[in-house]
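Hi there,

Here is the structure I promised to pass on.

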Amino acid sequence: MSLGEVEQARVHLTLPKESVFIDQQQPAKASVMVKLRPGAQISAQNVLAVTHLVASAVEGLAPTAVALLDMDGHLLNRPRPASSGDGNEISAEALEIRQQIERNLVQKISATLEPLLGPDGFRAGVSVDCDLTSGEQQEETFDPSRSVMMSSQKTEDTSEKLASVGIPGTTSNLPEPPPRPAAASGGLSRRTENITYQTSRTVRRTRIPQGVIRRMSLAVLVGQTVRWNGTGAAKERVLVPPPPETMKTIKDLVAGVTGFSAERGDQLIVESLPFESALTAVPPGSVSTPRKPQAQDPAWPAFFDKNRKLVLLASAGVLILAVVAVGLMTMRRRKAPARVGVPAGIDTVEVSQGALTQETTVAGQLEAPVTKSPGAEDKELLERVRQIVAQDLIPATTVMREWLREGAK
């Protein structure tokens, strides 16, 4: 209830139920109902703050287990649909990433071109095609031109063989034979060497985040300046576009500050067109001011077509009031004595302090003396009232209201 948007709040808690059996354990839950102040709206940041505040106050309570409602029954923290895990869904966070990238690019373009063209001298727009999926990428590269010795093994075998010398027979087989002369010995030698080589290999694992730019389209619209040819009333407006050198500079600046890449398929358009301020510019030294937009002018024709019957009834009512006013004025002229300093047959009207000068003028026209017969005088006054009402309705109505007020007295 300390939040500025919340007038009243009510919180229900379900504490966690512990059990030695996992299937019988119950997590904590909470429901919060708030009554907002008239005309107030709770923001998404405040909704997130309330859910985390309640979740932090109860042990074992997750923010996703908190339901926040208003008095109209609207679920303020609507849970997002669970992702299937393959990364193909486009979530609200992914769309926010794309919009944030576009806003950052527009801000960079504006900060670069404002010192050159001014804040009202251009308009920039950006559309970014992002890869809103995320995942991991593994790359393994072999280089056959580069090899490394992994292991080396060498083996050497040697064997010797003694040759027999003497006369074969009994004498040579008797024990303790007589000494024999030395005989030449023979042997066998074998050597083995085993070396293992392996080709150079590079393994690279990359994690791809959300929001990688695949392609972007940039558009910059540059305004045109106004030059006046001639003098006096014969001045002619001439729209001057920026020179080609300036357009090329703008294009290079935008490409550099946004990371434009033609190999990636990016598109950059820089055009020059006159803005509305240039089309409605007034020559210097001119007394006349530019005409206001048509939307500010009173739409009397459209109002008359839409409320034709109402306008006709109002006109008839004003005409009846005018006839009644003429009758009262005629009766007052016949009954009222002549005032000092005022000719007979002429009456005056007291005008309030805030009355317009037009009302006094209309009153003077209605009360002008008429030197005709009584019947002709009424006709003349009636015709004069019709003409004045047709010229300006508001002052005539005010004067008639004053006459009726005086006649009631």
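Leu-15 is exposed, because its relative accessible area is 59% and the cut-off for exposed is over 50%. This leucine sits in the loop between β1 (6-14) and β2 (29-36). Together with Val-11 and Leu-13, Leu-15 makes a nonpolar surface patch of about 290 Å². Please keep in mind throughout that this is a predicted model.

Next, the charged pairs. How many salt bridges does the count come to? The count comes to 10 salt bridges, and three of the pairs are described here.

Arg-207 and Glu-136 form one of them, with their side chains meeting at 3.5 Å, N to O. This pair links distant parts of the chain: Arg-207 is in strand β6 (residues 185-208) and Glu-136 is in strand β5 (residues 135-162), 71 residues apart. Arg-207 counts as exposed at 63% relative accessibility, and Glu-136 counts as exposed at 68%.

Another salt bridge joins the side chains of Glu-156 and Arg-191, at 3.4 Å, N to O. Glu-156 lies in strand β5 and Arg-191 in strand β6, so this pair ties together parts that are 35 residues apart in sequence. Glu-156 has a relative accessible area of 49% and is therefore partly exposed, whereas Arg-191 is exposed at 66%.

The side chains of Arg-190 and Asp-157 meet in a salt bridge as well, at 2.8 Å, N to O. Again the pair links distant parts of the chain, with Arg-190 in strand β6 and Asp-157 in strand β5, 33 residues apart. Arg-190 is exposed, with a relative accessible area of 54%, while Asp-157 counts as partly exposed at 33%.

Now to the helices. Helix α1 (residues 44-57) has 14 residues, which should span 20 Å at 1.5 Å a residue; the end C-alpha atoms of α1 are 20 Å apart, so the two values agree. Which residues of α1 are buried? They are Asn-46, Val-47, Val-50, Thr-51, Val-54 and Ala-55. An α-helix has 3.6 residues a turn, so residues three or four places apart point the same way. The buried residues of α1 pack against β1, β2 and β3 (66-70).

Thr-258 may also be worth a look. Thr-258 is in helix α4 (residues 244-258). Is this threonine buried or exposed? Thr-258 counts as buried because its relative accessibility is 9%, and buried means under 20%. A polar atom of the Thr-258 side chain lies 2.6 Å from the backbone oxygen of Val-254. Leaving aside residues up to four places away in sequence, Thr-258 touches Leu-105, Ile-109, Met-216 and Leu-218.

Finally, the chain as a whole. The chain has 10 helices and 10 strands. Of its 409 residues, 20% count as buried. The accessible surface of the chain comes to about 30100 Å², and carbon and sulfur atoms account for 56% of that area. Among contacts between residues at least 6 apart in sequence, 70% join residues at least 24 apart.

Best wishes

Conventions
Residues are numbered from 1 along each chain as its sequence is written. This is a predicted model: local features need pLDDT of at least 70, side-chain atom pairs count only at pLDDT 80 or more; totals for chains, interfaces and linings use all residues. Side-chain values use heavy atoms; hydrogens and water are left out. Patches are made of residues with over 30% relative accessible area and no salt bridge: like charges are joined within 9 Å, nonpolar side chains (Val, Leu, Ile, Met, Phe, Trp, Tyr) within 5 Å. Accessible areas come from the Shrake-Rupley method with a 1.4 Å probe; for residues, only the protein chains shown count as cover. A salt bridge is a side-chain nitrogen of Lys or Arg within 4 Å of a carboxyl oxygen of Asp or Glu. Helices (H or I, at least four residues) and strands (E, at least two) are DSSP runs, numbered from the N terminus. Buried means under 20% relative accessible area, exposed over 50%, partly exposed in between (1.4 Å probe, protein chains only). The expected span of a helix is 1.5 Å times one less than its number of residues. Contact means heavy atoms within 4.5 Å. A polar contact is a pair of N or O atoms within 3.5 Å; within protein, one must be able to donate a hydrogen and the other to accept it, and residues adjacent in sequence count only if both atoms are side-chain atoms.
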